[in-house]
Amino acid sequence: MEVARHWRQRATRYRLEGQRHVRTGEVRFPARPLTVGEQDGDWEPLRLSGRGEIYSFSVIRQAPDGFESMTPYPVALVRLEEGPLVAAQLTDCVEADLAIGLPVEMVTRQLLDTGADNLLVYGYKFRPRLVATTERL
Amino acid sequence: MMKPQRPVGLVGYGVYVPRYRIAAREIAQLWTDGQGGLPVDAKSVPGPDEDTITMAIEAARNALARADLAAERLSAVWVGSESHPYSVKPSGGIVAEAIGAAPWVSTADFEFACKAGSEALTAAMALVGSGMADYAMAIGADTAQSRPGDALEYTASAGAGALIVGPAELALATLDATVSYVTDTPDFFRRADRPYPVHGNRFTGEPAYFHQISSAAKKLLTDLGKTPQDFTYAVFHQPNAKFPQAVAKRLGFSDAQIAPGLLSPQIGNTYSGAALAGLCATLDVAQPGETIFVTTYGSGAGSDAYALTVTEQVEAARGRAPMTSAYLSRQVFIDYAHYAKWMGKLVMG
Amino acid sequence: MSNTYLIGAAATPVGEHYGQSLAAIAAQAVRAAFATTNLLPERIGALYVANAFGESLTGQSQLGAYLATAVGLRGLPAFRVEAGGASGGVAIHQAAQAISTGQCDVAVVLGAEKLTDRLEGAVEAALAIQSDAESEAINGLTLTAQWALLMRRYMHLCDYPAEAFAPFPVNAHANALKNPQALYRFAISSDKYRKAAQIASPLNMLDCSSLGDGAACLILAAESVAQKLAGPHLRLAGSAVATDTPSLAMRPDPLDLTAARASAHIALGRAHMGLGDLHVLELSDPHGIAATLALESIGFYPRGEAPRHAADGAIAPTGRTPLATAGGYKARGDVGGASGVYQIVELARQLRGEAGLTQVPKARVALAQSLGGVAATAATCILVAE
């Protein structure tokens with residue numbers, strides 16, 4: 001059983017929580033440990049909007065163990081509106097729906113079923129926006 | 001009739017329906033050679049990466065967007081379902097974490113067949129109505145199971161509704177009163193560790209659905225001193241297309257009153273999500289000052305009835321998240337083979 | 001600092017060696033390499049084992065001691081080097097450093113992988129964790145899909161159809177046809193490429209390398225040892241390793257393989273050479289896009305032009321930047337962490353004029369570059385015939 005490894009990712013995977021630099025405003029995702037020269041307090045947690053557009057995409061037909069039941073499945077690099085790129089699966093779409101530049105939004109879905117006596121892993125995926133012009137506050 | 005000490009109402013609502021559908025005719029081709037009547041036109045089917053938790057999360061996010069409320073202000077996130085992905089491990093914890101309500105929040109998973117979501121709603125009314133909390137979220141969500149070939153297979157579908165209860169003065173619809181009616185009526189059940197529920201066929205009708213709903217609805221109308229004509233809209237639990245229309249007629253509600261909230265012909269029975277999603281669809285079109293009468297039903301059996309009055313807040317709130325119609329109109333029909341694959345009905349060895 | 005020379009090189013055929021263990025193919029390669037020299041095993045000072053998938057696919061760890069024993073070098077200091085697909089290049093770099101700094105005067109580099117003991121799903125999973133496992137592999141991204149994402153973006157920016165990448169596998173297969181050690185000894189055509197089934201769109205089956213079992217061995221020696229042997233002498237004129245983020249998403253410009261460029265230019269600098277001095281190349285080329293991005297990132301061609309030049313014959317043995325003369329990753333076979341060692345075995349053939357039908361005319365200076373993941377590690381080595 002593998003629990004801690006997934007549990008500690010919950011803010012990242014469930015809420016798309018990244019970091020914003022308190023002075024420069026730079027946003028990065030996922031959150032990273034402080035590197036040499038950085039101080040406590042340089043970066044603050046930031047929940048990203050989940051809105052972005054497709055930077056590139058592929059449909060995987062030869063999958064790693066654990067993903068067979070979803071094959072074929074689309075994946076993408078998504079350029080989030082706050083700036084970072086994120087690699088993720090796309091869902092609720094087929095290859096013909098996809099294009100570079102297509103607006104997408106984050107949804108939370110099952111990433112992986114690690115077995116009957118193990119965790120269901122949930123996390124972010126992206127889908128073509130449900131409502132193109134939904135006003136969100 | 002139960003009324004909270006402090007007036008409460010809905011400050012947010014949100015719905016979720018998967019994009020996939022299977023036509024009832026497609027199922028009938030397999031089991032009855034297409035003969036016989038069909039209880040619905042189609043039902044929603046969860047995608048291969050969807051379950052009660054993922055659907056609850058999206059409905060909850062829609063409700064929060066409509067409420068324009070920071071998730072941290074929720075004191076409770078309660079998830080009603082008969083298809084919680086874990087037998088032991090709260091769906092509510094994952095949902096609360098995902099929407100940002102954790103860690104200072106009460107979560108619990110409710111189960112009462114198709115009225116698990118309205119149980120959570122009544123509890124949320126009490127939590128806010130007592131003054132213990134300002135905001136509580138009640139979610140009904142299901143990816144309902146059904147044995148291949150069973151009558152339930154035509155209707156058992158997937159969807160979710162999420163409601164945020166808050167102070168009446170901030171509400172988009174006030175929750176004026178409720179009743180709950182429960183008897184031990186074994187019309188439908190699933191024993192622990194069994195994959196599919198069983199049901200009593202015609203026994204699910206008169207002594208079960210019709211008796212509980214009629215009892216609860218009549219009691220609330222009587223206690224409020226109102227008649228069906230005093231309400232603009234009505235929503236009933238909808239296990240198929242026929243039952244909610246029949247019970248509405250018996251109680252004296254018109255087809256027009258139930259039309260906005262009658263989703264089952266298009267998406268089947270979303271179980272714990274059904275009455276809540278019907279209410280959400282009604283709120284999508286209701287105008288300030290209009291009233292809504294809701295009666296839920298859960299096998300086993302019981303009903304909760306509610307009376308709501310829509311306020312002016314509804315107009316600003318509803319555009320902040322996708323309407324029910326946005327989910328209903330995105331529909332991708334799948335064949336039985338895909339349905340069987342995604343619902344785990346293929347023996348993979 | 002002493003100069004380092006390549007005095008022995010050999011490899012097993014790349015293939016599905018179901019009947020042989022990792023130890024068996026490793027021993028075969030080491031014996032073959034020793035057979036090309038008259039050295040005794042007692043002369044060896046250290047063993048560097050390049051292997052990326054010992055734990056995940058072969059089920060064996062502590063490969064330094066394990067393979068030292070298996071190949072008859074028991075007792076030696078032995079080091080396992082793991083840098084994904086760049087393991088071979090990094091191991092060569094480490095061995096060359098040991099010699100140039102005088103830690104020993106003869107060292108063995110052994111690249112060995114046993115990849116066919118497990119089925120495709122396990123192989124994809126093992127390859128996928130060369131990226132960032134927690135942010136990319138968990139999402140089901142395979143290594144092939146990472147290259148596919150780059151290919152789609154490249155096609156979008158540079159206005160190419162997928163078929164524009166066909167010249168790379170076509171060239172690789174044409175050359176492999178003449179290499180008895182290659183995994184796939186048959187030719188393919190652009191027409192076949194267009195019709196091939198998708199693996200991770202837009203990458204199709206004919207633009208994806210296949211993994212095979214294999215072992216390759218190099219014997220590196222200090223100048224004092226090498227000069228006593230008959231020429232031509234092959235000098236490791238420079239080598240360098242550079243890294244980048246294993247996660248594609250963290251790169252400012254994912255189409256720019258910065259580690260590939262940095263390691264190539266540092267290695268060339270150490271060799272006191274420039275791109276124009278090179279006669280033959282070995283790159284990590286499991287897909288046309290991988291060769292394209294390496295060629296452009298290193299600076300052989302401006303962005304957007306490598307496929308055009310490839311179509312015009314630039315990557316053929318007679319072209320300006322000959323690639324995959326033994327079949328490359330695509331047709332010789334992708335040998336995981338051993339691939340970087342196979343690259344040097346082929347370049348040694350080229351520089352000695354022993355490459356037969358795929359000989360690059362007058363090849364004297366060669367560059368080998370192996371990449372880990374999508375160039376998260378890049379190891380480059382410059383080899384010069386003297």
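A polar contact is a pair of N or O atoms within 3.5 Å; within protein, one of the two must be able to donate a hydrogen and the other to accept it, and residues adjacent in sequence count only if both atoms are side-chain atoms. Between chain A and chain B, 17 residue pairs are in polar contact, both residues being at pLDDT 80 or more. The structure is a predicted model, in which local features need pLDDT of at least 70 and side-chain atom pairs count only at pLDDT 80 or more, while totals for chains, interfaces and linings use all residues. Residues are numbered from 1 along each chain as its sequence is written, chains are lettered from A and ligands numbered from 1 in the order in which they are written, and side-chain values use heavy atoms, with hydrogens and water left out.

Contact here means heavy atoms within 4.5 Å. Chain A contributes 27 residues to the contact and chain B contributes 29 residues. The size of an interface is often given as the accessible area lost when the parts come together. Buried area is accordingly the accessible area (1.4 Å probe) that two parts lose on being put together, summed over both. For chains A and B this area is about 2,400 Å², with 49% of it on carbon and sulfur atoms. On the side of chain A, the residues that lose the most area to chain B are A:D92, A:Y122 and A:L130, which together account for 22% of what that side buries.

Charged residues also take part. A salt bridge is a side-chain nitrogen of Lys or Arg within 4 Å of a carboxyl oxygen of Asp or Glu. Eight salt bridges are counted between chain A and chain B. One of them joins A:D92 to B:R330, with the closest N and O atoms 3.0 Å apart. The largest share, five residues, comes from β7(A). In these names, helices (H or I, at least four residues) and strands (E, at least two) are DSSP runs, numbered from the N terminus.

Of the two pairs of chains that touch, chains A and C have the most contacts. No contact joins chain B and chain C, and their closest C-alpha atoms lie 12 Å apart. A charge sits over a ring if NZ of Lys or CZ of Arg is within 6 Å of the ring centre and within 35 degrees of the ring normal. C:R153 lies over the face of A:Y55 in this way, at 3.8 Å from the ring centre. Within chain B, the charged end of B:K89 sits over the ring of B:Y86, 5.4 Å from its centre.

Rings also pair with one another. A pair of aromatic rings is described by the distance of the centres and the angle of the planes. Rings of Phe, Tyr and Trp (its six-membered ring) pair if their centres lie within 6.5 Å; planes under 30 degrees apart count as stacked, over 60 as edge-to-face and the rest as tilted. Over all chains, 21 aromatic pairs are counted. The rings of B:Y209 and B:F243 form a tilted pair, because their centres are 5.0 Å apart and their planes stand at 45°. B:Y209 belongs to helix α5 (residues 205–224) of chain B and B:F243 to helix α6 (residues 242–251) of chain B, 34 residues apart. A residue is buried under 20% relative accessible area, exposed over 50% and partly exposed in between (1.4 Å probe, protein chains only). B:Y209 is buried at 1%, and B:F243 is buried at 17%.

C:Q369 lies in strand β10 (residues 365–372) of chain C and is buried, with a relative accessible area of 0%. The side chain of C:Q369 makes a polar contact of 3.3 Å with that of C:S263. B:E26, in helix α1 (residues 24–31) of chain B, is partly exposed at 31%. B:E26 and B:F333 are 307 residues apart in sequence, and their C-alpha atoms are 9.9 Å apart in space.
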